[in-house]
Amino acid sequence: MSAAASGDLETLLADSVRLRETGHREEALERLLALRTRFPDDVRVAYQTAWAHDVLGLEAEAVPHYVDALAGPGLSTEDRRGALLGLGSTYRTLGRHADAVATLSAATEEFPEDNALKTFLAMALYNVGRSHDGMRLLLTVLAATSADPDVVGYRAAIEYYARDLDAVEGDGSA
């Protein structure tokens, strides 16, 4: 890509993102689709196009753009994380629960400190019948992140039961 085209792309992409962020979502999507035609291999354009579809409730149309965005190098770390979350969440919304679990599981391995990814993974785990795993993950996130004094006071117990939700003390008789 020439320097002029690259500069042009940077400006047009920034303008499109600004439109989306300021509530002009349909116009942003139109511009991004035009950019996808001009720059079909640019992963940043693909990611922003996916995001624009998502905010308009066009999840099925967002998927191929997310896939393209994640297929090659060029996304910033933050945008890669966002694209993985967006794709996983979109799969879940579309009922593609196994794809959601696969995408979000890989994403949490790549970004192990990201609690939003873990939270969406927990929801997807619930959707595939793995409620125990989802609950364990949510409890772990809750214990690690909550500043609520009522939760903080029980952090050790929450962490303990997150490791073994079925644990009981004694023989269970009263």
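First, the ground rules. The model is predicted: local features need pLDDT of at least 70, side-chain atom pairs count only at pLDDT 80 or more, and totals for chains, interfaces and linings use all residues. Residues are numbered from 1 along each chain as its sequence is written, and side-chain values use heavy atoms, with hydrogens and water left out.

Let's start with the rings. How many aromatic pairs does the structure hold? There are three. A pair of aromatic rings is described by the distance of the centres and the angle of the planes. Here, rings of Phe, Tyr and Trp (its six-membered ring) pair if their centres lie within 6.5 Å. Planes under 30 degrees apart count as stacked, over 60 as edge-to-face, and the rest as tilted.

Take Tyr 47 and Trp 51. Their centres are 5.6 Å apart, with 40° between the planes, and the pair is tilted. Both residues sit in helix α3, residues 43-55. They are four residues apart, about one turn of the helix. A word on helices: they are DSSP runs (H or I, at least four residues), numbered from the N terminus.

Tyr 47 is buried, at 5%. Trp 51 is partly exposed, at 32%.

What lies over the face of Trp 51? Arg 20 does, at 3.6 Å from the ring centre. The rule for a charge over a ring: NZ of Lys or CZ of Arg is within 6 Å of the ring centre and within 35 degrees of the ring normal.

Now bring in Tyr 66. Ring pairs link Tyr 47, Trp 51 and Tyr 66 into a cluster. Tyr 66 is found in helix α4. Tyr 66 is buried, with a relative accessible area of 3%. What does Tyr 66 touch, leaving aside neighbours within four places in sequence? Contact means heavy atoms within 4.5 Å. The list is Tyr 47, Ala 50, Trp 51, Asp 54, Ala 83, Gly 86, Leu 87 and Thr 90. Tyr 66 and Gly 82 are 16 residues apart along the chain, and their C-alpha atoms are separated by 9.7 Å.

On to the helices behind that cluster. Helix α3 packs against helix α4, residues 59-71, at an angle of about 160°, with the axes 8 Å apart. Axes are lines fitted to C-alpha atoms, for helices over the stretch in contact, and angles run from 0 to 180 degrees between N-to-C directions. So α3 is roughly antiparallel to α4. The cut-offs: under 35 degrees is roughly parallel, over 145 roughly antiparallel, 65 to 115 roughly perpendicular, and the rest oblique.

The crossing of α3 and α4 is left-handed. That label applies if the near helix is turned anticlockwise from the far one by less than a right angle; clockwise gives right-handed. Who meets whom? On the α3 side, the residues include Tyr 47, Ala 50 and Trp 51; on the α4 side, they include Ala 62, His 65 and Tyr 66.

Glu 61 is also in α4. Glu 61 is partly exposed, at 42% relative accessibility. Glu 61 and Thr 90 are 29 residues apart in sequence and 10.0 Å apart in space, C-alpha to C-alpha.

Next, Arg 81, in helix α5, residues 77-93. Arg 81 is buried, with a relative accessible area of 19%. Not counting residues up to four places away in sequence, Arg 81 touches Phe 111, Asp 114 and Leu 117.

Leu 117 also takes part in the next packing pair. Among the α7 residues that meet α6 are Leu 117, Phe 120 and Leu 121; among those on the α6 side are Val 101 and Leu 104. The axes of α6 (residues 97-110) and α7 (residues 115-127) come within 9 Å and cross at roughly 150°. These two helices are therefore roughly antiparallel. The crossing is left-handed.

Last pair: helix α8, residues 131-145, and helix α10, residues 155-163. Their axes come within 9 Å and cross at roughly 160°. That makes α8 roughly antiparallel to α10. Again, the crossing is left-handed. Arg 136, Leu 139, Thr 140 and Ala 143 of α8 make the contact with Arg 155, Ile 158, Glu 159, Ala 162 and Arg 163 of α10.

Terms used: Buried < 20%, exposed > 50% of the residue type's maximum accessible area, 1.4 Å probe, protein only.
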